[in-house]
Every structure is written in structure tokens, then in C-alpha cells.
Amino acid sequence: MAERIEERPKANGMAIASLIMGIIAIPASFLLLGGMFAGLGITFSLLSRGERKLSGVAVAGLVCSLFALVPSFVISALLLSYSGSGAALLSGGGLMSGFVDMARLWLLFIF
């Protein structure tokens, strides 16, 4: 009798990297680093596709990455609007003064 041997699907490294970046992006989004990790997670998720549909791991990485973008954008928008750095840059007030104001507000927000 011939035994039936089932092949395990090969692990997709890009999908796993997407999930890891998505998981890292969620807590990092509250430190304004989430956009970077989320962007990498979205990129790895889409690159993992190849010629087939997204695997479950890639979809999980994509969802985590997209979920991390929301607080990252909200906190960035709040910091820019309350620090006045956006207005300082547009009115010619200088990049450094806006950056210092944003850093002070960020420290107050975190602590």
C-alpha cells in the first residue's frame, strides 16, 4: 500500500516579516515610530503575495500595520497642530523652533 504523504506549505518569510513589523508597529505608534514599522509591514505583506492570494499570516500583518497607522497619524496631527510647528514652518518661523516646540509637547504628552 502506498502511503499518502502530504506536503506542508512552505513558510513565507515576507508574510512572517509583515506580521512581526505589524506587531512592533502597534506599541511603536504611540512613540511616533509606528508609521515606519507599519509601512514596512504593509510592504512586506504585499510583497509576500507573489502570484497567489495573501496567506493568513500576511493578512494578519497587514491588519496590524493598518491598525497601527491610526494612532500614529492622530498623535502626529495633534502634536503638529498644538505645537505650532506647522504654522511656524509655513510662516517662515524656522524649522528649529517648530521642532523644539514639538519635542517639548511630545515629552509632556508621554510623561
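Helices here are DSSP runs of H or I with at least four residues, strands are runs of E with at least two, and both are numbered from the N terminus. This is a predicted model, so to speak of a local feature we ask for pLDDT of at least 70, side-chain atom pairs count only at pLDDT 80 or more, and totals for chains, interfaces and linings use all residues. Residues are numbered from 1 along each chain as its sequence is written, and side-chain values use heavy atoms, with hydrogens and water left out.

View 1. Buried means under 20% relative accessible area, exposed means over 50%, and partly exposed lies in between (1.4 Å probe, protein chains only). Setting aside residues up to four places away in sequence, Ser45 touches Ser18, Leu54, Ala58 and Leu62; contact means heavy atoms within 4.5 Å.

**View 2. The largest nonpolar core.** Nine residues form this core: Met21, Ala25, Ala28, Phe37, Ala38, Ile42, Leu62, Ala68 and Leu69. The elements that give two or more residues to it are α1 (13-28), α2 (34-47) and α3 (56-83). A nonpolar core is a set of buried Ala, Val, Leu, Ile, Met, Phe, Trp, Tyr and Cys residues joined through side-chain atoms within 4.5 Å. Look for Ala38 here: beyond its neighbours within four places in sequence, Ala38 is in contact with Ala25, Ser65, Ala68 and Leu69.

**View 3. Ser29, in the loop between α1 and α2****.** Ser29 is buried, with a relative accessible area of 1%. Apart from neighbours within four places in sequence, its contacts are Gly34, Ala68, Pro71, Ser72 and Ile75.

View 4. Ile16, Ile20, Ile24 and Val57 make a patch of about 290 Å², and α1 gives the most to it, with three residues. Val57 lies in helix α3 and is partly exposed, with a relative accessible area of 36%. Areas come from the Shrake-Rupley method with a 1.4 Å probe, and for residues only the protein chains shown count as cover.

Conventions
Patches are made of residues with over 30% relative accessible area and no salt bridge: like charges are joined within 9 Å, nonpolar side chains (Val, Leu, Ile, Met, Phe, Trp, Tyr) within 5 Å. A salt bridge is a side-chain nitrogen of Lys or Arg within 4 Å of a carboxyl oxygen of Asp or Glu.
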